Protein chains: 2
Amino acid sequence: MDVELISIGDEIITGHTIDTNTPYIARRLAEIGLNVAYRTAVGDDLLRMEEIIHQALKRADVIIATGGLGPTDDDITKKAIVKVFKRNLVFHEDVLEDLKKRFAARGIEMPSINQNQALLPQGAVYLPNRIGSAVGIVIAEEGKIFASLPGVPREMEIITDEELIPYLQAHLVMPGHIKIHKLKTTGIFESALAEKIAPFIKLPEHVRLAYLPSFSGVDLRIIAPGGTKEAAEKSAGNAIKQLRELAGKYIYGENEDTLEGVVGKLLTERNQTVATAESCTAGLLAGKITNIPGSSNYFCQGVVTYSNQSKIDLLGVPKDIIEKHGAVSAETAEAMAAGIKEKANADYGVAVTGIAGPDGGTDEKPVGTVFIAVASSNGVVSAKHSFSKDRKSNRGRSVYAALEMLRRAILEIK
Amino acid sequence: MDVELISIGDEIITGHTIDTNTPYIARRLAEIGLNVAYRTAVGDDLLRMEEIIHQALKRADVIIATGGLGPTDDDITKKAIVKVFKRNLVFHEDVLEDLKKRFAARGIEMPSINQNQALLPQGAVYLPNRIGSAVGIVIAEEGKIFASLPGVPREMEIITDEELIPYLQAHLVMPGHIKIHKLKTTGIFESALAEKIAPFIKLPEHVRLAYLPSFSGVDLRIIAPGGTKEAAEKSAGNAIKQLRELAGKYIYGENEDTLEGVVGKLLTERNQTVATAESCTAGLLAGKITNIPGSSNYFCQGVVTYSNQSKIDLLGVPKDIIEKHGAVSAETAEAMAAGIKEKANADYGVAVTGIAGPDGGTDEKPVGTVFIAVASSNGVVSAKHSFSKDRKSNRGRSVYAALEMLRRAILEIK
């Protein structure tokens, strides 16, 4: 079964917006065993859009388009659908009511231009959009499924996860069974992880293992096909068992687990709390921890102490520690962690101080030098990291390194 | 003159790598007046790759492919070229010599597998790669130009800038010039912005205006073609002037400007400082402000006060304000903003308090209710926002709303 993904919009075709939508959909489809064969992008050009959709209908079974569903004149996806599928637009009272409610809830009168968004191609199924005004559209015709989703990434993600994937699972006969499972690691490089795994693991030829590195760590993805659901799950289970034996220390979770979610779960189970003191990450660690709904139960407070004075005032870091060792040092990180633990009366204090760049580096402490410390009832531990020259990457990696250090402190892993 | 860009590789088609290569090439081509009409991606699949190249030769004049030029077995772009253009591979002694020198300079003997990379299609022009082993390839045939570049982003960029663009400029008769300009707005919906602009703006037919919405606001993009560079710039200038008259209040910047960058520039120019107090955004606002290198000059400190007690302890919010109006209220937001301004001795204090969701909403204050306040020497202002039901979106929108409120406070815009 072949899938084609189509990205629509001048901003995509001109390169002014990087398309992250179709990669997202491709990954989600892979999880239900659907493989993307083609990806195409086209600008806000009605004729070309029609041509692209016609072509996709010839060579693919499932076609998913993103973008061009907004209320303004440059949003012409529905016009293309009307032409290709030879259907009229019909007015959906329920969609309009939803739209009006959405605007009313925000205390705004709905601009009349948004009425367009309640016009949908005849016979189409619509996929509700609970955070935006453009609903998704699905047309099933001659054994093919064509879906059109809004291009705003968060809206596309929610509709894909909550509406499109269940629709496809309900309407497609899947080609065999595939079990996809991810084990999520952090705190180790891809190549070092591969050295621990590759020489030792024994997998049947049809089971595929991939190393997927990112800021947050390296995911190990297993794809295990099988004639039956049980056979696929058995193959995957065998691979998972071996991976846990070979690299268990680095595995913090599975599939959709996030490091901040795992840490939150551990704190909740133990009825413990955490507080943060950040310099170079400047709030990103607190922001990441509180991504999790209900984090207010275990996250008590955080401070962003950029200046030396604020480290002294807010955290009680002794002035002579900063003078002797510098603001970016193990000693300062440890004093920050102990300081926030005490001030916030928390079970754990986590501190980050470093040189994110591009400026501020020295020969002794180049850009990318970051110290992270965790204070707990077991005392204070700290670690030095040497990341890259890139500010964004240094800040992102520091957040995950701090979360991992906290996870290990909670679990008392050395 | 139509251009088609093709991205090649399983990692692209499966969504595990985000394609930033073709957007880069599209932007570079736009600068010399060439428009991309189609973008296509295909996996490491020889038959599909041939099909895609055949199709591109039918509908485009210039075709540029990236990826699949490496030395390993899964790099099959040259195989596809050989089939489509019916040419043999011929050995290029000079390319091999360059390769050997490159490896020798690093003190490594060249692996024999790299010899493949000196085999190029007969009659092809090659584009030297000064940082990697895969050279670019150009084939000109029947009035069409087909180019193939390596997929490693930095190599692709250098070859595009130094080799491909000059080649195209020398070999193509260019169809005029194009001026692309973006005006960036925030604090207004796409549809409301369109109602202020669409009925009143007067644009010649060839000038295109697009509304590009995201969390941070709506970008207005103008594409103005012209017979000469001056004519294109004049058309764009005229459109920009009208947009500034119609929606100037909402425009915070142009082209690559970011809201946090614009705010940082304003603070730097005025030699002023800011401090933050966050509840529902919990560090994301501080994290966003400090994305900007050098932000330590104007960002002094931030606190994340999730609990009521921390709002009292760290910000001096009076207990009876929280008891009377609630932690999520204009009064608490204002007290937080005034508190952090004073504690940090900053020129501006910015505070965010709200219900990000999914839990914690009430009839009176549903999920998505957020209060933002800014304290300055002009006193304290606050605003209520009603965002969505989605935690991530609420937190993201709150950050941009707070930055925009700060921008307006600095500029004393009502």
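Start in chain B: select Arg59(B) and Tyr38(B). The charged end of Arg59(B) sits over the ring of Tyr38(B), 4.0 Å from the ring centre. Keep in mind as you click around that this is a predicted model.

**Aromatic pairs**

Next stop, rings on rings. A pair of aromatic rings is described by how far apart the centres are and by the angle of the planes. Over all chains, the structure has 5 aromatic pairs. One of them is Phe85(A) with Phe146(A), so select those two: the centres are 5.3 Å apart, the planes make 55 degrees, and the pair is tilted.

Which elements does this pair tie together? Colour helix 4 (residues 77-85) of chain A and you'll find Phe85(A) in it; colour strand 8 (residues 144-149) of chain A and you'll find Phe146(A). The two parts are 61 residues apart in sequence, so the pair ties them together across that stretch.

Hop over to chain B and select Phe85(B) and Phe146(B). Their ring centres are 5.3 Å apart and their planes stand at 55 degrees, so this pair is tilted. Again it links distant parts of the chain, with Phe85(B) in helix 4 (residues 77-85) of chain B and Phe146(B) in strand 8 (residues 144-149) of chain B, 61 residues apart. Phe85(B) is buried at 7% relative accessible area, and Phe146(B) is buried at 1%.

**Two helices side by side**

Stay with cartoons for this one. Select helix 2 (residues 21-31) and helix 6 (residues 153-171) of chain A: their axes come within 11 Å and cross at roughly 30 degrees. That angle is why helix 2 of chain A counts as roughly parallel to helix 6 of chain A; the cut-off for that label is under 35 degrees. The crossing of these two helices of chain A is right-handed.

From helix 2 of chain A come Asn21(A), Tyr24(A), Ile25(A), Arg28(A) and Leu29(A). Across from them, in helix 6 of chain A, the residues they meet include Pro153(A), Met156(A), Glu157(A) and Leu168(A).

In chain B, pick helix 2 (residues 21-31) and helix 6 (residues 153-171): the axes come within 11 Å and cross at roughly 30 degrees. Those two helices of chain B are therefore roughly parallel to each other, and helix 2 of chain B passes helix 6 of chain B in a right-handed crossing. Among the residues making the contact are Tyr24(B) and Arg28(B) of helix 2 of chain B, with Thr160(B), Asp161(B) and Ile165(B) of helix 6 of chain B.

**A leucine inside**

Zoom to Leu120(A), in strand 5 (residues 119-121) of chain A. With 2% relative accessibility, Leu120(A) is buried. What does Leu120(A) touch, leaving out residues up to four places away in sequence? Show its surroundings and you'll get Lys78(A), Asn88(A), Leu89(A), Val90(A), His92(A), Val95(A), Tyr126(A), Val135(A) and Ile137(A).

**Backbone details**

Last, look at the backbone. Which residue of chain A other than glycine has a positive phi near 50 degrees? Select Glu142(A), whose phi has that value. Glu142(A) lies in the loop between strand 7 (136-141) and strand 8 of chain A, and is exposed at 76% relative accessibility. In chain B, Glu142(B) has a positive phi of about 50 degrees without being a glycine. Glu142(B) is in the loop between strand 7 (136-141) and strand 8 of chain B, and is exposed, at 75% relative accessible area.

Finish at the peptide bond from Gly357(A) to Pro358(A): it is cis, with omega near 0 degrees. Pro358(A) lies in the loop between strand 15 (348-354) and strand 16 (369-376) of chain A. For chain B, select Gly357(B) and Pro358(B), joined by a cis peptide bond with omega about 0 degrees. Pro358(B) is in the loop between strand 15 (348-354) and strand 16 (369-376) of chain B.

Terms used: Residues are numbered from 1 along each chain as its sequence is written. Chains are lettered from A and ligands numbered from 1 in the order in which they are written. This is a predicted model: local features need pLDDT of at least 70, side-chain atom pairs count only at pLDDT 80 or more; totals for chains, interfaces and linings use all residues. Side-chain values use heavy atoms; hydrogens and water are left out. Rings of Phe, Tyr and Trp (its six-membered ring) pair if their centres lie within 6.5 Å; planes under 30 degrees apart count as stacked, over 60 as edge-to-face and the rest as tilted. Helices (H or I, at least four residues) and strands (E, at least two) are DSSP runs, numbered from the N terminus. Buried means under 20% relative accessible area, exposed over 50%, partly exposed in between (1.4 Å probe, protein chains only). A charge sits over a ring if NZ of Lys or CZ of Arg is within 6 Å of the ring centre and within 35 degrees of the ring normal. Axes are lines fitted to C-alpha atoms, for helices over the stretch in contact, and angles run from 0 to 180 degrees between N-to-C directions. Angles under 35 degrees count as roughly parallel, over 145 as roughly antiparallel, 65 to 115 as roughly perpendicular and the rest as oblique. A crossing is left-handed if the near helix is turned anticlockwise from the far one by less than a right angle, and right-handed if clockwise. Contact means heavy atoms within 4.5 Å.
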